[in-house]
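Visitor: I would like to learn how to read a structure like this one. Please take the features in turn, with the general idea before the case.

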Amino acid sequence: MNVNLLGPVEILPETGAGDLKRVKERCLLAVLALTPEQVVMGDTLIVRVWDDEAPSDAVKGTLRTYMSHVKAAVAATGGASVDSARGGYVLRIDRENVDVHRFRRLVAQAESISRSGDAEHAASLLWEAEKLWRDHAFADLPGRWIAGMRHTLDAERRRAAKMWADLEFGLGRHAELVGELRQFAERYPFDETWVQYQMMALCRSGRQTDALSLYQEDYERRVELGLDPGPGLSALQQRIL
């Protein structure tokens with residue numbers, strides 16, 4: 001069984017009993033999957049899933065009902081279980097079967113390998129980690145606590161992506177980078193780093209005119225939004241000129 005959180009929450013393989021149609025059921029699974037093999041207390045689950053709602057008897061009863069559906073859904077797929085334990089619940093699953101933990105393991109492994117000097121292997125691990133993402137984390141879930149975790153994971157994804165780009169630049173793969181960098185720039189339109197990376201890749205591929213055109217397009221877009229290009233972006237333009 002796999003639990004995927006880097007996009008809409010899903011359990012694989014899918015089964016009829018494995019469908020969690022209620023949003024709060026998927027929230028409960030997501031909270032448990034972020035700390036597999038660790039007990040999450042019932043009151044903690046209520047705070048994280050019901051947005052700080054006081055753990056009244058009614059809410060606690062709803063929690064038990066929803067958790068029974070989560071238990072059935074997980075059990076139906078095989079290879080994992082949700083168990084009651086000491087006033088809380090725990091998801092029994094191999095961490096490698098949760099995409100968040102697989103992503104973090106790949107990034108940590110890439111960092112270690114990069115320090116040893118094997119940039120190519122490190123870059124390939126980071127790209128493997130990036131491919132685990134299907135959308136924003138918990139893309140189908142609301143809630144303040146979920147939003148905070150989404151922000152944290154997005155920051156981890158950006159950091160890993162920038163590490164990957166730096167390694168690829170070091171390997172001299174400038175022409176190959178242009179398409180992928182464009183996708184990152186579209187995903188993070190207010191992060192100038194990706195515009196700088198695109199300009200660098202274009203310039204080092206002998207496409208200085210395209211690099212300067214990209215700067216001008218980005219400059220005009222920012223002016224429309226009342227923003228100015230950062231000093232790094234302007235300095236890069238001047239170096240290309």
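Visitor: How enclosed is strand β5, and how many of its residues are buried?

Guide: This is a predicted model. To judge a strand, look at the accessibility of its residues. Four of the five residues in strand β5 (residues 88–92) are buried, so the strand is largely enclosed by the rest of the structure.

Visitor: In what order do the strands of the open sheet run?

Guide: Trace which strand pairs with which. Here three strands form an open sheet with antiparallel pairing, in the order β3-β5-β4. β3 and β4 are the edge strands, each pairing on one side only.

Visitor: How many bridges join β5 to strand β3, and how many join β5 to strand β4?

Guide: Strand β3 (residues 40–41) is joined to β5 over two bridges, in the antiparallel sense. Val 40 has Tyr 89 of β5 as its bridge partner, and Met 41 stands opposite Gly 88 in β5. On strand β4 (residues 81–85), the antiparallel pairing with β5 extends over five bridges. Ala 85 also stands opposite Gly 88 in β5.

Visitor: What lies between β4 and β5?

Guide: The two strands form a hairpin with two residues between them. In the turn, Arg 86 has a positive phi of about 50°.

Visitor: Which strands does helix α1 lie across, and which does helix α3 lie across?

Guide: For helices packed on a sheet, read off the strands in contact and then the angle. Helix α1 (residues 23–34) lies across β3, β4 and β5, and runs at about 70° to β5. Helix α3 (residues 57–77) lies across β4 and β5, at about 145° to β4.

Visitor: Which residues touch the most other members of the largest nonpolar core?

Guide: In soluble globular proteins, nonpolar side chains tend to be buried together. The largest nonpolar core here has 78 residues, and Leu 5 and Phe 138 touch the most other members. Helix α6 (residues 144–170) supplies the largest share of this core, ten residues. Not counting residues up to four places away in sequence, the contacts of Leu 5 include Ala 30, Ala 33, Leu 34, Val 98, Ala 137 and Phe 138. Asp 99 and Arg 134 are also among the residues that Leu 5 touches.

Visitor: Is Met 149 buried or exposed?

Guide: Met 149 lies in helix α6. Its relative accessibility is 18%, so Met 149 counts as buried, the cut-off being under 20%. Leaving aside neighbours within four places in sequence, Met 149 is in contact with Leu 34 and Phe 138. Between Met 149 and Ala 137 the C-alpha to C-alpha distance is 8.2 Å, and the two are twelve residues apart in sequence.

Visitor: With which side chain does the side chain of Asn 4 make a polar contact?

Guide: For a polar residue, check burial and then look for a partner. Asn 4 lies in strand β1 (residues 2–4) and counts as buried because its relative accessibility is 9%. The side chain of Asn 4 makes a polar contact with that of Glu 10, at 2.9 Å. Not counting residues up to four places away in sequence, Asn 4 touches several residues, including Val 9, Leu 12, Asp 99 and Arg 102.

Visitor: How many disulfides does a search of the whole structure find?

Guide: A disulfide is a covalent bond between the sulfur atoms of two cysteines. The search of the whole structure finds zero disulfides. Cys 27 counts as buried, at 3% relative accessibility, whereas Cys 203, at 23%, counts as partly exposed.

Technical notes:
Residues numbered from 1 in each chain as written. Predicted model: local features only at pLDDT ≥ 70, side-chain atom pairs only at ≥ 80, totals over all residues. Heavy atoms only, no water. Core = buried A, V, L, I, M, F, W, Y, C linked by side-chain atoms within 4.5 Å. Buried < 20%, exposed > 50% of the residue type's maximum accessible area, 1.4 Å probe, protein only. Contact = heavy atoms within 4.5 Å. Pairing = 2+ DSSP bridges. Polar contact = N/O pair within 3.5 Å; in protein donor to acceptor, adjacent residues only side chain to side chain. Disulfide = S-S within 2.5 Å. Axes fitted to C-alpha atoms, helices over the stretch in contact; angles between N-to-C directions.
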